[in-house]
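Here's a quick briefing to read alongside the coordinates. Have your viewer open and follow along topic by topic.

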There are 2 protein chains.
Amino acid sequence: MSPLKQNRSNDRNKDVRDQILRAAKELFAKKGYEGTTVRQICHEANVSLALVSYHFGGKENVFFEVFQPIRQLFENMKYDLSDSLGALKSFCRQFVIFRNEESELVSILQQELVMNSPRLEMLTDVFLPSWEQLRLILQECQEKNLIDFPSVDVAVNFIMGTLMFSHNNAFLNRTQSEMSPEQVADFAVNFIINGLQATSEQGKR
Amino acid sequence: MSPLKQNRSNDRNKDVRDQILRAAKELFAKKGYEGTTVRQICHEANVSLALVSYHFGGKENVFFEVFQPIRQLFENMKYDLSDSLGALKSFCRQFVIFRNEESELVSILQQELVMNSPRLEMLTDVFLPSWEQLRLILQECQEKNLIDFPSVDVAVNFIMGTLMFSHNNAFLNRTQSEMSPEQVADFAVNFIINGLQATSEQGKR
DNA sequence: GTCTATACGCCGATAGAC
DNA sequence: GTCTATCGGCGTATAGAC
């Protein structure tokens, strides 16, 4: 490390690209893509305004790069369809864990999904496989008569809603959750598996 | 109606304020508040750029006014806590119906919630009562031992996730849902009520 | 590689004619 | 009330010194 480099921040020695990506991820999650300016990112990263364009070629490319670390992770997500109920439980649990570990990425993803942003195209490889896996698992469960529910599509929505929406709002969840991530995961698995079971009340007003 | 008024649009005779509000609601739902420009709103409403400021005093006030019609509706939302299980079912069903009838407003609300926008303060009276109602209902259910679940807070999140997140994305729900809104409501009620039931499996890996 | 200074467009808001 | 034209500001991106 050159002694000429100013040490303007505690971890200035980290690579500039990483600093920008870290700041961008944090700000995108908090304020949204459009609500975040390149100026803010560079300020938070303690670098000058020009470096986003120099290193990444623009704000949009920073957005893309932010998701790079998890692209590999998602490619390896395969579930054993022969044990489809187990696969469903495993999927839900892993998603809750992932959501907890990468809460910022999930928050960004959620925002882009909700507003159907043009950037979703750059993210299809990140989340579409998960959606498809879940759909396949649910179809298996239905075909084997393990669970009985009226619609795979609607079920996918309920499940992803349950898994993604939770714990993302500062002032709705005013009291810090008393549950550990593992307990939340258990609760989520339980909620979803039981929820999909049809009851005799179904269709009744 | 003055014959001097140009009839530039099919429903130009409608009040200009209403036209602006209609266009704004549609665009906010589709592109988000920040992603929507005043120019777009006025173009879609077939009025000139100046009229947003003239009639409402700015973009933010348009946003506030868009939610005006449902403010009254939400104030009257009371549930019979003595029948807390019935109240829970009723809450869920009404929310699905509401989501279906006012899908644009729900979409806007969802976006603002997810990105914790500064405009949420203007919307507390719209949704916070619902959240509180649900929390109260769940607490009642728990105290009366009607349902057994580990955390009211987390349950609120699961439920609102299930109710709000569903059916909002254009290309995830590629196949049009084969269920009617009432059937979806039934499924949602069933999903949530059954989901909250604890099983002996809870806590098991 | 990193900086400062600046280009240039689009934003929301408004002045002023009609 | 409604329009067109324009203002001032901030957005991203880049030119050019170091």
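Pro118(B) is exposed, since its relative accessible area of 67% is over the 50% cut-off. Keep in mind that this is a predicted model.

**Around the exposed proline**
- Pro118(B) sits in the loop that links helix H7 (103-114) to H8 in chain B.
- Lys14(B) is 104 residues away from Pro118(B) along the chain, and 32 Å separates their C-alpha atoms.

**The nonpolar core**
- Which residues touch the most other members of the largest nonpolar core? Leu196(A) and Leu196(B) do, in a core of 135 residues.
- Setting aside neighbours within four places in sequence, Leu196(A) has contacts in its own chain that include Leu88(A), Leu138(A), Ile147(A), Phe149(A) and Ile159(A).
- Asp148(A) and Ala155(A) are also in contact with Leu196(A), and from chain B so are Phe187(B) and Phe191(B).
- As background, nonpolar side chains tend to be buried together in soluble globular proteins.

**Aromatic pairs**
- Searching the whole structure turns up 25 aromatic pairs over all chains.
- Take Phe158(A) and Phe191(B): with ring centres 5.2 Å apart and planes at 45°, the pair counts as tilted.
- That pair joins two chains, because Phe158(A) belongs to helix H9 (residues 152-165) of chain A and Phe191(B) to helix H10 (residues 181-196) of chain B.
- Phe158(A) and Phe191(B) are both buried.
- Phe127(B) and Trp131(B) make an edge-to-face pair, at 5.7 Å centre to centre with 80° between the planes.
- Why are Phe127(B) and Trp131(B) separated by about one helical turn? Because they are 4 residues apart in helix H8 (residues 124-143) of chain B.
- Both members of that pair, Phe127(B) and Trp131(B), are buried too.
- One aromatic cluster brings together Phe158(A), Phe187(A) and Phe191(A) with Phe158(B), Phe187(B) and Phe191(B).

**Charges over rings**
- In chain A, Lys59(A) lies over the face of Tyr33(A), 4.4 Å from the ring centre.
- In chain B, Lys59(B) has its charged end over the ring of Tyr33(B), 4.4 Å from the centre.

**Cavities**
- How many cavities of 30 Å³ or more are there? The count is 4.
- The largest cavity holds about 50 Å³ of space.
- Residues of chain A and chain B line the largest cavity, including Glu34(A), Met115(A), Glu34(B), Gln111(B), Met115(B) and Arg119(B).
- Tyr33(B), whose ring has the charged end of Lys59(B) over it, is among the lining residues of the largest cavity as well.

Technical notes
Residues are numbered from 1 along each chain as its sequence is written. Chains are lettered from A and ligands numbered from 1 in the order in which they are written. This is a predicted model: local features need pLDDT of at least 70, side-chain atom pairs count only at pLDDT 80 or more; totals for chains, interfaces and linings use all residues. Side-chain values use heavy atoms; hydrogens and water are left out. A nonpolar core is a set of buried Ala, Val, Leu, Ile, Met, Phe, Trp, Tyr and Cys residues joined through side-chain atoms within 4.5 Å. Buried means under 20% relative accessible area, exposed over 50%, partly exposed in between (1.4 Å probe, protein chains only). Contact means heavy atoms within 4.5 Å. Rings of Phe, Tyr and Trp (its six-membered ring) pair if their centres lie within 6.5 Å; planes under 30 degrees apart count as stacked, over 60 as edge-to-face and the rest as tilted. A charge sits over a ring if NZ of Lys or CZ of Arg is within 6 Å of the ring centre and within 35 degrees of the ring normal. On a 1 Å grid over the protein atoms alone, a cavity is a set of points where a 1.4 Å probe fits but cannot get out, and a pocket is an open set with protein on both sides within 12 Å along at least five of seven lines; lining residues have an atom within 4 Å of a point. Grid points are joined across faces, edges and corners, and a volume is the space filled by probe spheres set on the points.
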